[in-house]
Amino acid sequence: MSTINVGIGEWAVSANPDDVIKTYALGSCIGVMIYDKELRIAGMIHIALPDSSIDADRARNLPGYFADSGLPLMIEEMKKKGALRANIWVKIAGGSTMMDDAGIFDIGKRNILAAKKVLWKSSLGPIAEDIGGTISRTVAFTVSNGDTILTSGGKAWPL
C-alpha cells in the first residue's frame, strides 16, 4: 500500500486500489471525502477556509485552501476520471472549534457550511460526518473499499 498525503489546501484523487489517502490535523479545517463505489475512485480535500474572496492570490495559487474554489475542482477531477453522481457518497470530518472558545470566528462551522453549500450545488450531501467539537482529527481513506478511519488522541474509529 502506498500513502498519498494531503496537506492543507491540497487534494488528491486516486483510482489505484493500493492507495490510502491521508490527511492530518483537521482542527477547524475540514476534510471532504468523495468515493465512487462502482469505479472505486476516491478523492479527499483538506480545506482551511470557507471563502476564497478574502485572498485572491492564495485562491489562484492554492485553490484547495478554500471550500468554494477547491472542492469544485476536486469534483471535476473525479468526473474526468469517470465518477458518476449516482455512484458516489460523501463524508466530512473536522470543523472543530480550535483556540476560539468564545466562538468569535467559528471557522470550523463556517468551513462545514461552505463545503455543504458546494456539495448541494452538485446535488451531493454527506452520508456520514464527524464534525465539530474541540479535537483535531487525522483521516485515512482507503481507495480499494472506501473505508474511512479517523484518529485522534490515540483513539481510532470508522466514519
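1. Is Trp-89 buried or exposed, going by its relative accessibility? In this model, which is predicted, Trp-89 has a relative accessibility of 12% and therefore counts as buried, since the word buried is kept for residues under 20%. Although Trp-89 is buried, a charged residue is placed over its ring: Lys-91 lies over the face of Trp-89, at 4.4 Å from the ring centre.

2. The aromatic residues deserve a careful look, and a search of the whole structure finds four aromatic pairs. One of these is formed by Tyr-35 and Trp-89, whose rings are tilted, with 5.3 Å from centre to centre and 40 degrees between the planes. Because Tyr-35 lies in strand E4 (residues 30–36) and Trp-89 lies in strand E6, this pair ties together parts that are 54 residues apart in sequence.

3. Tyr-35 itself counts as buried because its relative accessibility is 2%. Tyr-35 also pairs with Phe-141, and here the arrangement is edge-to-face, with the centres 5.9 Å apart and an angle of 65 degrees between the planes. This second pair links distant parts of the chain, given that Tyr-35 is in strand E4 while Phe-141 is in strand E8 (residues 137–142), 106 residues away. Phe-141 is buried, as is Tyr-35, and together Tyr-35, Trp-89 and Phe-141 make up one aromatic cluster.

4. Strand E4 is also the place of Met-33, which counts as buried because its relative accessibility is 0%. If its neighbours within four places in sequence are left aside, Met-33 is in contact with a list of residues that includes Trp-89 and Phe-141 from the aromatic cluster, and among the others are Val-90, Lys-91, Ile-92, Ala-93, Val-139 and Leu-159.

5. Ser-96 lies in the loop between strand E6 (88–94) and helix H3 (107–121), and with a relative accessibility of 1% Ser-96 counts as buried. A polar atom of the Ser-96 side chain lies 2.5 Å from the backbone oxygen of Ile-135. Leaving aside neighbours within four places in sequence, the residues in contact with Ser-96 include Gly-27, Ser-28, Gly-108, Gly-132, Gly-133, Thr-134 and Arg-137, as well as Ile-135.

6. Where is the lining of the largest pocket drawn from, in terms of elements that give two or more residues? The largest pocket has a volume of about 170 Å³, and its lining consists of Pro-50, Asp-51, Asp-68, Pro-72, Ala-114, Lys-117, Val-118 and Lys-121. The elements that contribute two or more residues to this lining are helix H2 (67–80) and H3, and H3 gives the most, with four residues.

7. Helix H2 also contains Lys-79, which counts as partly exposed because its relative accessibility is 45%. The C-alpha atom of Lys-79 is separated by 9.8 Å from that of Asp-36, a residue 43 places away along the chain.

8. A last point concerns another charge placed over a ring, for Arg-58 lies over the face of Tyr-65, at 4.2 Å from the ring centre.

Notes:
Residues numbered from 1 in each chain as written. Predicted model: local features only at pLDDT ≥ 70, side-chain atom pairs only at ≥ 80, totals over all residues. Heavy atoms only, no water. Buried < 20%, exposed > 50% of the residue type's maximum accessible area, 1.4 Å probe, protein only. Polar contact = N/O pair within 3.5 Å; in protein donor to acceptor, adjacent residues only side chain to side chain. Contact = heavy atoms within 4.5 Å. Phe/Tyr/Trp six-rings, centres within 6.5 Å; stacked < 30°, edge-to-face > 60°. Lys NZ or Arg CZ within 6 Å of the ring centre and 35° of its normal. 1 Å grid on protein atoms, 1.4 Å probe; cavity = no way out; pocket = protein on both sides within 12 Å on 5 of 7 lines; lining within 4 Å. Points joined across faces, edges and corners; volume = space filled by probe spheres on them.
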